[in-house]
Amino acid sequence: MKRREAIRYLFITGSAVWLFPACGSSSENASQVLSISELDLVTDIAETVIPSTGTPGAKELGIQHFIHKMISDCRSAAYQKDFIAGLHAFKDHIKKNTGNNWAALTTEDRQRALNGIVLKNGGNKTVQNCVKEIRELTINGYKSSEYYLKIQDYKLVPGHFYGCVKVKKNIV
Amino acid sequence: MGERNARHEYDAIVIGSGISGGWAAKELTEKGLKTLVLERGKEVKHLKDYPTTNLMPWELQHAGDISFKEKQDNPILSRCYNYKEDSKHFFAGDKDHPYEQTKPFDWIRGDQVGGKSLLWARHTQRWSDFDFTGPARDGYAVDWPIRYKDIAPWYSYVETFAGISGNKDGIDSLPDGEFLPPMELNCVEKHFKDHVAKNYKNRHVIIGRCAHITEMKPIYAQQGRVSCQYRDLCRRGCPFGGYFSSNASTLPWAEKTGNLTLLPDAIVHSVIYDDKAGKATGVRVINAKTNAATEYFAKIIFVNASAMATNQVLLNSLSPRFPQGLGNDNGLLGKFIAFHNFRGKISARYNGLLDYTTEGRRPGSAYMPRFRNVYKQETDFLRGYAVSLAGRGVNDIAAHWGETLKNELARKDYDGWSINAGLMGETIPKETNTVSLNRQQNDKWGIPLLQFNVDYDQNDEAMLKDFFEQVAEMLETGGFTDIKTRDTHQAPGLDIHEMGGVRMGNDPQTSLLNKWNQLHACKNVFVTDGACMTSTSTQNPSLTYMALTARAVDYAFKELKKQNL
């Protein structure tokens with residue numbers, strides 16, 4: 001993390017409680033389809049996609065609850081079944097492809113393994129779809145989170161539109 | 001008017017409070033006529049009834065998505081681009097509002113005061129004489145009973161009040177209007193504009209003219225509206241009144257006159273025709289909540305129920321004089337339905353202009369007016385198409401994970417640009433494209449279901465093919481890569497530009513309405529929503545409905561004073 005980003009992070013993290021989509025309803029567990037261990041694995045995978053790196057990662061931001069909410073509320077029962085089957089086949093798939101247990105992999109190894117699943121399109125379709133979905137929802141949840149949008153200086157009311165602005169080179 | 005009110009008598013009744021009904025209400029009440037506006041949906045008051053308008057992205061339960069249950073309950077609405085978590089309360093649900101489809105037709109309806117004026121895409125391009133003379137020149141439908149000169153002052157009139165931003169582009173086929181400053185093109189759109197201007201004769205890429213206030217004027221302040229703030233959250237209802245809607249503009253204006261009575265949850269069953277008097281005397285209304293029937297009476301009636309619902313009301317208005325529906329002596333009511341062909345989509349990539357980005361969120365897009373068959377017939381299909389265009393910056397994040405992904409997501413610059421082009425094709429009105437009533441099947445309010453029998457034809461297929469070829473070619477010569485064409489195969493209706501069924505024309509034998517939008521056979525009934533359209537052209541139609549409405553009210557009022565109605 002670069003210095004300026006860190007300062008900004010400190011400045012913004014005064015309250016340290018970040019809101020994310022669906023966070024108001026994480027108590028409605030009755031309608032949620034994942035078991036605790038399944039949700040743990042989703043949390044793990046989401047944290048691999050967007051880890052804590054001095055700035056908050058998926059887990060700290062509660063993105064797993066957003067993913068859980070989306071799978072529970074916005075997907076069909078058949079899709080949910082496949083998604084959960086994907087989660088159950090996931091660890092075996094990792095073991096077969098890396099020779100190691102998921103739990104034993106470093107963050108980098110985990111990222112490499114997920115990248116293999118998502119980009120190479122080989123292997124188990126159920127696992128692939130499941131990981132792709134988690135990655136997509138993690139990014140979506142992250143980009144909709146209060147933390148990210150404050151860092152990005154999101155404005156609900158921009159007040160103007162400029163179509164062609166010379167870019168300020170990035171701070172990170 | 002207590003006593004009068006008890007007798008349910010008004011000077012004028014307007015059926016529907018959407019974009020054209022709102023205009024009818026404004027014009028009629030300003031002229032001093034006691035006006036009853038009947039709206040089948042719920043009340044939606046500007047500011048007060050926009051429950052999602054100020055939600056931050058993280059306050060939405062599903063990041064904007066519709067739940068699976070809602071999708072199952074609303075398979076038709078779910079195909080609409082604007083049916084989202086933050087706007088779903090403004091749509092009429094599929095279950096409660098059934099209709100029949102002999103052929104697939106996606107009928108998208110608003111369900112409240114303001115109708116779809118809360119949900120529209122707000123693009124407002126004028127028609128030209130290339131459009132009004134189209135049927136006569138190319139031999140389809142019937143000749144329009146009006147020309148550009150008849151409607152031009154009324155375009156100016158409604159533009160000034162509604163607030164239309166745009167650039168004076170000086171294009172023959174897309175007349176300039178009373179414009180507020182234009183919104184900006186972004187750099188990739190600008191690049192494409194320059195390329196087309198340099199290399200293609202009579203083809204133009206412009207910023208779409210749209211109903212947003214881009215410069216404050218007293219007339220907007222008087223309406224309680226201020227400039228567009230570039231939130232691009234219009235579908236939630238705008239707390240600034242930055243875009244034009246009945247709710248923000250015409251209805252409160254009408255209310256201020258003291259002449260407006262607005263009745264929500266009032267479903268019009270039919271128009272009442274008095275054989276002896278030889279005119280319509282009122283309307284029969286079903287209360288949406290209690291199913292109680294009530295009658296209301298007036299000297300003149302404006303039918304602005306939305307294009308297809310207006311057909312439904314008139315088809316259901318039976319009397320000894322009009323056994324086939326009000327004004328339907330020639331049997332053409334509900335026929336010659338047309339729409340816009342939105343099936344073609346093209347996406348492309350531009351790998352330049354990497355030093356540029358945008359700021360704020362523009363609630364509109366770029367636009368190419370029709371360039372095919374404008375001055376003369378040049379293809380094997382009739383008429384042509386406009387193109388909607390929207391560019392945006394893109395970053396390629398697929399290969400990134402972890403910290404590098406986070407950095408990618410934080411970038412303000414882009415790896416490139418994408419541009420998306422959409423077909424807006426004119427369809428040819430045909431007698432075989434119809435809506436009719438299924439009198440064996442009623443909705444829960446006892447109104448026969450509307451049955452759609454509307455389809456594409458060979459002309460639409462040929463036009464789609466030409467759109468793919470021409471636009472892909474312009475993109476390719478403009479340095480775009482990765483050009484992908486896609487036929488959405490969507491049903492008619494999803495364009496939400498359905499029109500016709502009660503068309504205007506000079507001849508009562510072949511049309512329902514005269515040049516003043518007055519039923520040939522029942523002079524105190526006016527139809528000024530999309531149902532009146534003789535042909536569809538390629539422009540987004542709402543602005544034309546607004547202008548026709550104001551023009552028709554002006555005429556109706558004069559006729560009323562002359563005691564001709």
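Guide: Let's begin with contacts: two residues are in contact if their C-beta atoms, placed from the backbone, lie within 7 Å. In chain A, 71% of the contacts with a separation of 6 or more join residues 24 or more positions apart. This is a predicted model, in which local features need pLDDT of at least 70 and side-chain atom pairs count only at pLDDT 80 or more, while totals for chains, interfaces and linings use all residues. Residues are numbered from 1 along each chain as its sequence is written, and chains are lettered from A and ligands numbered from 1 in the order in which they are written.

Visitor: What makes up chain A in helices and strands?
Guide: Chain A has 8 helices and 1 strand, in the order α-α-α-α-α-α-α-α-β. Both kinds are DSSP runs numbered from the N terminus: helices are H or I with at least four residues, strands E with at least two.

Visitor: Why are H6(A) and H7(A) called roughly perpendicular?
Guide: Helix H6 (residues 107-120) and helix H7 (residues 125-143) of chain A pack at about 110°, their axes 9 Å apart. Axes are lines fitted to C-alpha atoms, for helices over the stretch in contact, and angles run from 0 to 180 degrees between N-to-C directions. Angles under 35 degrees count as roughly parallel, over 145 as roughly antiparallel, 65 to 115 as roughly perpendicular and the rest as oblique. H6(A) is therefore roughly perpendicular to H7(A). On the H6(A) side, A:Leu114, A:Ile117 and A:Val118 make the contact.

Visitor: What makes a set of residues a nonpolar core?
Guide: Its members are buried Ala, Val, Leu, Ile, Met, Phe, Trp, Tyr and Cys residues joined through C-beta atoms within 7 Å. A residue is buried if 20 or more other C-beta atoms lie within 10 Å of its own, exposed if 12 or fewer, and partly exposed in between, with C-beta atoms placed from the backbone. The largest core has 157 residues, and B:Ile13, B:Ile15, B:Ile301 and B:Val303 touch the most other members. Its largest share, 10 residues, comes from helix H13 (residues 542-561) of chain B. Another core, of 36 residues, lies apart from it and includes A:Phe66 and B:Trp58.
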